[in-house]
Amino acid sequence: MDIVNIIINTVKGISIYSILDIIVVSYIFYKFYMLMHETRAEQLLKGILFIILLIPISSLLHLTTLNWILNKTITIGVLSFVIIFQPEIRKALEHIGRSAFNDKHILEDEEKMNMIITEIANAVENLSKSRTGALIVIEQTTGLGDIISTGTKLDSVVSAALLENIFVVNTPLHDGASIIRNDRIVAAGCFLPLTNNNDINKQLGTRHRAAIGISEVSDALVIVVSEETGVISLAVNGNLTRYYTKERLKDILIRIIKYRKSKKITYREKVKAWFKKAENN
């Protein structure tokens, strides 16, 4: 009966605020796990959890030396976690920021968006035919101000002719990335962070590694034209797919931007599906 009374009193003591508190905390832990899932940080978290479980066990068994070592490891490990996995933490915080606030850098006017994507696709096709290397970044909800500051600011209307002219070999701005925000080419000759992914095809050059790198730390859409082969590639969310035609590139760019605007479904799942379809084709 005592147990029954304890359970009854416990249930009576639960308020709507307690339930809300549990739901919120559970959701936060779930989102944290999903952000860390299938990353290097997930393996480190498993190691930390294992050490935490060993601490009380070593204390109960009077393993003084082991207990001291484990406690010191946890103290140093927290700081090491922040330093080593700074990219993952930054990515998680950026994801939260994109989810919590309205989109700032996605065109609302569908007609203007189609016109701009068409100009970009036309430029990419001509650059591909002439085998002129190019790197074009379309900014989305993640601001790229720090990247823009590394290049030359233009603030020009997006046009195929201008984009083609920027990447002409031996011109001052050709060796870098052009950043597009809404309907403007805001900067050219910008430096992008390179990916640390060692599983990338060794035949891919610096442009492709830079495209993947910026797509890993932002939600930008990054178009690459190979200088050696003229192959058109697209990097989104750390994934790179190749061998695009003008029409296929235009189609997938418009579809991704539209789904990101609608927020009615998870665009990451759609992007993966489109990429898989593109690879099969």
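**Entry 1. The sheet**

I began with the strand order: 7 strands form an open sheet, arranged β2-β4-β3-β1-β5-β6-β7, with mixed pairing. I then looked for the edges and found β2 (152-157) and β7 there, each pairing on one side only. Next I checked how neighbouring strands of this sheet are turned against each other: the average is 20°, direction ignored. I note here that I am working with a predicted model.

**Entry 2**

β2 pairs with strand β4 (residues 184-190) in the antiparallel sense, over 4 bridges.

I moved on to strand β3 (residues 177-181). β3 runs antiparallel to β4, and 4 bridges join them. Here I noted that Ala-177 has Cys-190 in β4 as its bridge partner. β3 and β4 make a hairpin, with 2 residues between them. In that turn I found Asn-182 with a positive phi of about 55°.

How many residues of β4 are buried? I counted 6 of its 7, so I put β4 down as mostly covered.

Strand β5 (residues 221-225) and β6 run antiparallel and are joined by 4 bridges. Val-222 stands opposite Ala-235 in β6. β5 and β6 form a hairpin with 6 residues between them. I found Gly-230 in this turn, with a positive phi of about 80°.

I then examined strand β6 (residues 232-236) for cover. Of its 5 residues, 5 are buried. Which way do the side chains go? I recalled that in a regular strand the side chains alternate between the two faces of the sheet. In β6, Ile-232, Leu-234 and Val-236 point one way. Ser-233 and Ala-235 point the other way, and all of these residues are buried.

β6 also pairs with β7, in the antiparallel sense, over 3 bridges. The partner of Val-236 in β7 is Asn-239. β6 and β7 form a hairpin with 2 residues between them. Asn-237 sits in the turn, with a positive phi of about 55°.

**Entry 2. Thr-241**

I stayed in β7 and picked Thr-241, which lies in this strand (residues 239-241). Is Thr-241 buried or exposed? I read a relative accessible area of 2%; the cut-off for buried is under 20%, so Thr-241 is buried. I also found a polar contact of 2.7 Å between the side chains of Thr-241 and Tyr-244.

I next checked two more backbone angles. Most residues other than glycine have a negative phi. Asp-155 is not a glycine, yet its phi is positive, about 55°. Asp-155 belongs to strand β2. Its relative accessibility is 49%; exposed needs over 50%, so Asp-155 counts as partly exposed.

His-62 also has a positive phi, near 60°. Where is His-62? I placed His-62 in the loop between α3 (40-60) and α4 (64-84). His-62 counts as exposed because its relative accessibility is 66%, and the cut-off is over 50%.

**Entry 3. A surface patch**

Which residues make the nonpolar patch of about 560 Å²? I listed Ile-14, Ile-16, Tyr-17, Ile-19 and Ile-23. Of these I looked up Ile-23, and found Ile-23 in helix α2 (residues 16-36).

Conventions:
Residues numbered from 1 in each chain as written. Predicted model: local features only at pLDDT ≥ 70, side-chain atom pairs only at ≥ 80, totals over all residues. Heavy atoms only, no water. Buried < 20%, exposed > 50% of the residue type's maximum accessible area, 1.4 Å probe, protein only. Polar contact = N/O pair within 3.5 Å; in protein donor to acceptor, adjacent residues only side chain to side chain. Patch = residues over 30% accessible without salt bridge, like charges linked within 9 Å, V, L, I, M, F, W, Y side chains within 5 Å. Areas by Shrake-Rupley, 256 points an atom, 1.4 Å probe, with all protein chains shown as cover. Salt bridge = Lys/Arg side-chain N within 4 Å of Asp/Glu carboxyl O. Pairing = 2+ DSSP bridges. Axes fitted to C-alpha atoms, helices over the stretch in contact; angles between N-to-C directions.
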